[in-house]
Amino acid sequence: MSREDRSPWDAIRSDLDAAQRLEPLVALPHLRSAAQQLAGLIDDTMAAAVLSEGATLRSAGASAGLSENAVGPRLARTRTLGAYANDAGRVTADGVRRAQYDRAAGQAEPAATQREPLRFKLRRPT
């Protein structure tokens, strides 16, 4: 089974298991991979909570330990709500309501523009 075919849960467990057996410097890429996968899983779960369960952006963020302001950009990176992001790259309460309306009307979700999470980039090679 390729890495892309595994569930996020299995990929996170695999990375954590690998990191646990390695020296710290070698374990870091595995831990970073697990952290990225976990962040994506949190984002997808928040999207499901606001879309399907009627949670507010504030309550979903609070449950994930995030401020309300941090939720919109994270939801914009999800496949479920990414197409409902505004020009500023945030999903707002209006976007969630539109997504809920579209879902209730049986309309297919618009094609989401997948946004990559921000990554640290070195200014110069070391």
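**Burial and helix packing**

Modeller: Of the 126 residues of the chain, 27% count as buried (under 20% relative accessible area, with a 1.4 Å probe and protein chains only). This is a predicted model, in which local features need pLDDT of at least 70, side-chain atom pairs count only at pLDDT 80 or more, and totals for chains, interfaces and linings use all residues. Residues are numbered from 1 along each chain as its sequence is written, and side-chain values use heavy atoms, with hydrogens and water left out.

Colleague: How many helices and strands does the chain have?

Modeller: Helices are DSSP runs of H or I with at least four residues, strands are runs of E with at least two, and both are numbered from the N terminus. The chain has five helices and zero strands.

Colleague: At what angle do H2 and H5 pack?

Modeller: Axes are lines fitted to C-alpha atoms, for helices over the stretch in contact, and angles run from 0 to 180 degrees between N-to-C directions. Helix H2 (residues 24–52) packs against helix H5 (residues 93–104) at about 70°, their axes being 9 Å apart. H2 and H5 are therefore roughly perpendicular (65 to 115 degrees). Contact means heavy atoms within 4.5 Å; here Val-50, Leu-51 and Ser-52 of H2 meet Val-96, Ala-99, Gln-100 and Arg-103 of H5.

Colleague: Which residues join H2 to H4?

Modeller: The axes of H2 and helix H4 (residues 68–76) come within 9 Å and cross at roughly 100°. The contact involves Ala-39, Ile-42, Asp-43, Met-46, Ala-47 and Val-50 of H2, together with Val-71, Arg-74 and Leu-75 of H4.

Definitions and conventions
Parallel < 35°, antiparallel > 145°, perpendicular 65-115°, else oblique. Buried < 20%, exposed > 50% of the residue type's maximum accessible area, 1.4 Å probe, protein only.
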